Amino acid sequence: MTWWAKGLVIDVDGTLVRTEELGLSCTRAVLVKHGYSPNLVNVDLYNEGTKFPTRVRLAWHTGLDPNSAEAKALADSYDEIELTLISPDMCPLFNGIKAFLDEVVSMRGVPAVALSNATTNNTVTKLKAVGIFKYFVAVLGSDTVPETKPLPGGVIKACGLLNQPPKNCIMIGDSPSDGQAGSAAGIGSSIGVVWGQHQIETLRPHFTHIATSPSQLHQLCMSDS
């Protein structure tokens with residue numbers, strides 16, 4: 001196998017950093033702030049909801065119209081609260097991720113863009129908190145893409161920043177929405193990771209490959225579609 005990809009598009013939450021505790025804490029704080037019971041969301045419901053962008057997920061938890069002013073207010077509160085809680089303890093780096101980035105980005109010189117459905121500022125703050133911001137030529141969040149995952153606009157923009165067509169790039173993520181966005185954009189290959197917030201059964205239909213540990217990422221990146 002040889003290395004073929006000219007760029008990487010990588011999700012952040014659940015792929016590079018563990019954010020389950022952070023996300024659940026923020027979600028419950030938002031619910032309380034806006035008069036809802038924090039018991040509307042448990043760990044399983046939170047994890048299931050992470051396939052949606054933040055506003056849609058919070059609307060799903062509360063039964064709101066995702067396009068309503070109240071849903072937007074919930075999402076704005078979430079972004080504000082999350083930013084105050086981001087730390088290496090609340091969003092730790094998954095073991096093996098730094099080694100992968102060192103090997104692929106630093107040693108092989110393959111450029112990478114971080115693409116998240118969280119806001120750009122919050123995403124940058126997470127990457128800086130765990131010391132991996134330096135590996136990315138750009139960071140894109142929900143406020144700097146034409147459309148969020150599972151729609152393809154963010155992936156297409158990320159590939160443009162890599163100066164490559166999507167067919168020359170690899171998408172890596174932990175949610176079905178990552179694989180769906182990559183596929184819709186015409187990505188060359190995609191890798192679903194199982195150490196995030198979704199089970200392998202829900203990931204398999206949407207990705208070219210499945211990684212069960214970060215140590216597999218380098219080898220899978222050398223596999224074509």
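Strands S2 (residues 112-115) and S3 (residues 138-140) run parallel, joined by 3 bridges. Strands are DSSP runs of E with at least two residues, numbered from the N terminus, and two of them pair if DSSP finds at least two bridges between them. This is a predicted model: local features need pLDDT of at least 70, side-chain atom pairs count only at pLDDT 80 or more, and totals for chains, interfaces and linings use all residues. Residues are numbered from 1 along each chain as its sequence is written, and side-chain values use heavy atoms, without hydrogens and water.

**Strands**
- Val113 stands opposite Ala138 in S3.
- S2 also pairs with strand S1 (residues 7-10), in the parallel sense, over 3 bridges.
- Here Leu8 stands opposite Ala112 in S2.
- Both faces of S2 are covered: Ala112 and Ala114 are buried on one side, Val113 and Leu115 on the other.
- Buried means under 20% relative accessible area, exposed over 50%, and partly exposed in between (1.4 Å probe, protein chains only).
- In a regular strand the side chains alternate between the two faces of the sheet.

**Aromatic rings**
- The model has 1 aromatic pair.
- Phe52 and Trp60 have ring centres 5.6 Å apart and planes at 55°, so the pair is tilted.
- Rings of Phe, Tyr and Trp (its six-membered ring) pair if their centres lie within 6.5 Å; planes under 30 degrees apart are stacked, over 60 edge-to-face, and the rest tilted.
- Phe52 is partly exposed, at 26% relative accessibility.
- Trp60 is partly exposed too, at 37%.

Notes: Helix = DSSP H or I, 4+ residues; strand = E, 2+ residues; numbered from the N terminus.
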